[in-house]
Amino acid sequence: MSSRSAMSRLALVLSLAVTGAVVSVPSVADACGNSVMRVVDHTQKYVQKAELLLAKGQYKKAISTVREAFGDRAIASHQGGPGLVLHGRAQRILALAVARSGGDFAIGMDLGGAAQSRKDAAIAWAVLALRLHGGVAPTPAQTSELAEALSRQASGRAEAYALLKDLGDGDLMPNAQGWALLAELSKQRGDVEGSKKAAERCRQIGAPGVQCDVAEQA
């Protein structure tokens, strides 16, 4: 797919997110409230499974699990309905899987995959999705997650560093991933001492699959 086609597709997806296109969890047309509840409960199992896969670093499987439950609706923003919270959790999982995998896996609507233009488009979507989810008063966890996605864009790395530096200085860093990324970004900016401190905090917290010793890498 050409870069122009990929960006056109991204523009469509982003327009859905910005305008708040209505989406819902998969369900059958049924006026019965109990039926709706059963569908939501069923979808919750998919979301819980996807969260576990994300934590294990199995990004492709996490994406597949979210798409099995929501399809392309996981990419658009959600205005309401019984699946509001579940949809938000699923979209967060999808965005983080994109960020942590560098956009390597297709997430729908021609976003993500082997072509660099598709990777870039998927990461741009992840940045927007996580920014919108955080709103005007994001939690430390939401800020750290947004920084993960921003760090995948050359134009976003300065903002990612600033966000993580503020969290670190305020002792608000929520996880080892945030400290590891701060160590990497600090090293790139020539702040060797800051990078070492962030790497040490990362090691103190620890998390499966998180590489903390970036300050010691060549």
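Gln153 touches Ile123, Ala124 and Val127, leaving aside residues up to four places away in sequence. This is a predicted model. Its average pLDDT is 84, and 77% of the residues score at least 70.

**Around Gln153**
- Gln153 sits in a loop. That loop joins α6 (140-150) to α7 (157-169).
- Ile123 is 30 residues from Gln153 along the chain. Their C-alpha atoms are 7.6 Å apart.
- Ile123 is also one of the residues that Gln153 touches.

**Helices α8 and α9**
- Helix α8 covers residues 176-188, and helix α9 covers residues 192-205.
- The two pack at an angle of about 165°. Their axes lie 8 Å apart.
- An angle over 145 degrees counts as roughly antiparallel, so α8 and α9 are roughly antiparallel to each other.
- The crossing of α8 past α9 is left-handed.
- On the α8 side, the contact is made by Ala176, Trp179, Ala180, Leu182, Ala183, Ser186 and Lys187.
- On the α9 side, Gly194, Ser195, Ala198, Ala199, Arg201, Cys202 and Ile205 take part.
- By type, the residues of this α8 and α9 contact are nine nonpolar, three polar and two charged.

**Where to read with care**
- Over residues 15-32, pLDDT stays under 50.
- The model has 38 contacts beyond four places in sequence for residues 15-32.
- Where pLDDT is low, predicted coordinates should not be read in detail.

Notes. Residues are numbered from 1 along each chain as its sequence is written. This is a predicted model: local features need pLDDT of at least 70, side-chain atom pairs count only at pLDDT 80 or more; totals for chains, interfaces and linings use all residues. Side-chain values use heavy atoms; hydrogens and water are left out. Helices (H or I, at least four residues) and strands (E, at least two) are DSSP runs, numbered from the N terminus. Contact means heavy atoms within 4.5 Å. pLDDT is the predictor's confidence in each residue, from 0 to 100. Axes are lines fitted to C-alpha atoms, for helices over the stretch in contact, and angles run from 0 to 180 degrees between N-to-C directions. Angles under 35 degrees count as roughly parallel, over 145 as roughly antiparallel, 65 to 115 as roughly perpendicular and the rest as oblique. A crossing is left-handed if the near helix is turned anticlockwise from the far one by less than a right angle, and right-handed if clockwise. Ala, Val, Leu, Ile, Met, Phe, Trp, Tyr, Cys and Pro count as nonpolar, Asp, Glu, Lys and Arg as charged, and the others, Gly among them, as polar.
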